[in-house]
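Could you have a look at this one with me? I've jotted down a few points to go through.

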Amino acid sequence: IKTSSKTRVGTLRLDIGTALGDAPPAFSRRANQYGTIQAYHGTKISSAWSILNHGLRNLSRNDALRQNGAMMGEGVYLSSSRRVAESFAIKAAERPPRALASAFRHECLLHLLCHAGVDIASLDPLDGYDIVCLPVFEATIVKPSPTATTGEEDALNNESNDNCTTRQEGKYFVCADGEFVRLTNLHLAFELSKKSNVWRWLPSRIPVSLIVLLAAMLWMVR
């Protein structure tokens with residue numbers, strides 16, 4: 001995350017694995033057969049609650065909900081690199097819903113920032129900041145089988161084929177379904193950037209006559 005003297009950044013890790021309960025039988029069976037590996041999934045903060053309640057789901061067939069295409073076929077996409085996953089969270093945060101700005105002004109955010117290591121006593125009121133939250137889910141997934149490749153899209157829907165659980169392409173993993181993904185931690189990164197105060201900046205740099213002219217022009221076009 002890029003930072004500057006006007007940016008405060010805090011990070012928080014939430015242990016969610018215990019709260020989510022036991023792994024489904026399909027996951028345990030494949031995990032015992034192939035082993036497991038750690039992976040990460042970056043998303044937008046408005047999706048985090050749904051993921052916590054329903055897990056990661058295969059949305060590759062849903063054009064309305066699919067966020068980043070399906071270049072490696074259908075499935076749940078994760079990465080072996082937390083940094084790569086975070087880049088997707090950063091991209092998802094570029095167009096936040098309007099309601100998010102109001103939610104970030106709630107005092108509960110101050111408690112989260114405190115736990116994230118931010119000195120909240122030194123902060124201005126929250127409405128003076130542009131606030132970004134970057135969620136990255138950490139998960140345990142079934143290891144790709146030696147014969148599973150990205151060319152096995154046709155095998156994804158075949159539950160009896162043990163080679164179709166997870167595929168790998170470089171730093172990316174594609175799990176056939178969310179039941180083969182066990183969420184363990186939620187990493188939250190908060191970025192607070194001071195909003196520029198236009199009215200504080202204008203008088204010292206723009207002649208008063210120009211401000212009057214602009215105001216007159218605005219009055220004329222009404």
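Here are my notes, point by point.

1. First, the ground rules. This is a predicted model, where local features need pLDDT of at least 70 and side-chain atom pairs count only at pLDDT 80 or more, while totals for chains, interfaces and linings use all residues. Residues are numbered from 1 along each chain as its sequence is written, and side-chain values use heavy atoms, leaving out hydrogens and water.

2. On confidence: pLDDT is the predictor's confidence in each residue, from 0 to 100. The protein averages 77, and 70% of the residues score at least 70. Strand E2 (residues 36-42) comes out highest at 96, and helix H6 (residues 198-205) lowest, at a mean of 49.

3. Now His 187, which sits in strand E7 (residues 181-194). Is it buried or exposed? His 187 is buried, because its relative accessibility is 7% (buried means under 20% relative accessible area, exposed over 50%, partly exposed in between, with a 1.4 Å probe and protein chains only).

4. What does His 187 touch? Not counting residues up to four places away in sequence, its contacts (heavy atoms within 4.5 Å) include Leu 12, Tyr 40, Arg 82 and Glu 138.

Note on methods. Helix = DSSP H or I, 4+ residues; strand = E, 2+ residues; numbered from the N terminus.
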